[in-house]
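I opened this structure to look up helix packing and aromatic contacts. My notes follow.

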Amino acid sequence: MTHWLTVVCFVLLLVTGAEIVISHPRFYWGEVGNVMTRPLFTLPIPASRDTVPTGYHFVMPDQNGWSRYLHFQAAWLAVLTGLFYGVTSLWNGHFRRDLVPARADRSVRAFWNVIAQYIRRVPASDADARSYNVVQRVAYLSVIFVLFPLVIWTGLAMSPAFTSAVPVAASALGGRQSARTIHFFVSGALLFFVVVHVAMVMVSGFGSRMRAMVTGRGVVDKERV
């Protein structure tokens, strides 16, 4: 349930976040950033506001209003879903049992052995189909405990209401514009993870993986093994 709620939230956040970026596709570092400020970098796309200099002679349709409302609503739903997942996973031992790498896998050699199996397209064994390998575990832990908290932190740091109450949320990142820039790159990293995640599901067997996601039972194609 939390997985599919997160999927819905991610799609909403991706679409609305893109609309928000289009309104001002320039990124800065520090506390202040506007059309009179030299940007850290600029996305090579037209803006949805004619006051933003992008080098194009036309503007995109302005969808900034509804996209901001929906972006924050989807963000809070994602946060609540993540909190529920985190609390229940700590309570039932999911993190310790399924995501923390085993002692024997805590080495560079074990990590690269899995990469080599991917490159050689070695079919998954029955044990591999029923558990996460070390690369998957590290990836999931990085998303859960690094990227997801960081995208929440940087999102809150862009809120004037929140930073007025907790100013250190933005100052610790270098300012509100720094938070926006970090938020953009962290969101890109999450998008990259999702693309690779879906691609690996397709490669390893979409039907069996979806069946396992829905029923909780891993299915292995005996002929492939």
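At what angle do helix α2 and helix α6 pack, and how far apart are their axes? I find about 145° for α2 (residues 64-91) and α6 (residues 134-157), with the axes 12 Å apart. Axes are lines fitted to C-alpha atoms over the stretch in contact, and angles run from 0 to 180 degrees between N-to-C directions. Helices are DSSP runs (H or I, at least four residues), numbered from the N terminus.

I note that this is a predicted model: local features need pLDDT of at least 70, side-chain atom pairs count only at pLDDT 80 or more, and totals for chains, interfaces and linings use all residues. Residues are numbered from 1 along each chain as its sequence is written, and side-chain values use heavy atoms, with hydrogens and water left out.

Next I listed the contact (heavy atoms within 4.5 Å). Trp76, Ala78, Val79, Gly82 and Tyr85 of α2 meet Ile144, Phe148, Ile152 and Leu156 of α6.

Then I turned to rings. Rings of Phe, Tyr and Trp (its six-membered ring) pair with centres within 6.5 Å; planes under 30 degrees apart are stacked, over 60 edge-to-face, the rest tilted. I get eleven aromatic pairs. Phe95 and Phe145 are edge-to-face, because their centres are 5.1 Å apart and their planes at 65°. Phe95 lies in helix α3 (residues 94-99) and Phe145 in helix α6, 50 residues apart. Phe95 is buried at 6% relative accessible area, while Phe145 is partly exposed at 47%. Buried means under 20%, exposed over 50%, partly exposed in between (1.4 Å probe, protein chains only).

Last, I logged a cluster: ring pairs link Phe27, Phe41, Phe184 and Phe185.

Conventions:
Helices (H or I, at least four residues) and strands (E, at least two) are DSSP runs, numbered from the N terminus.
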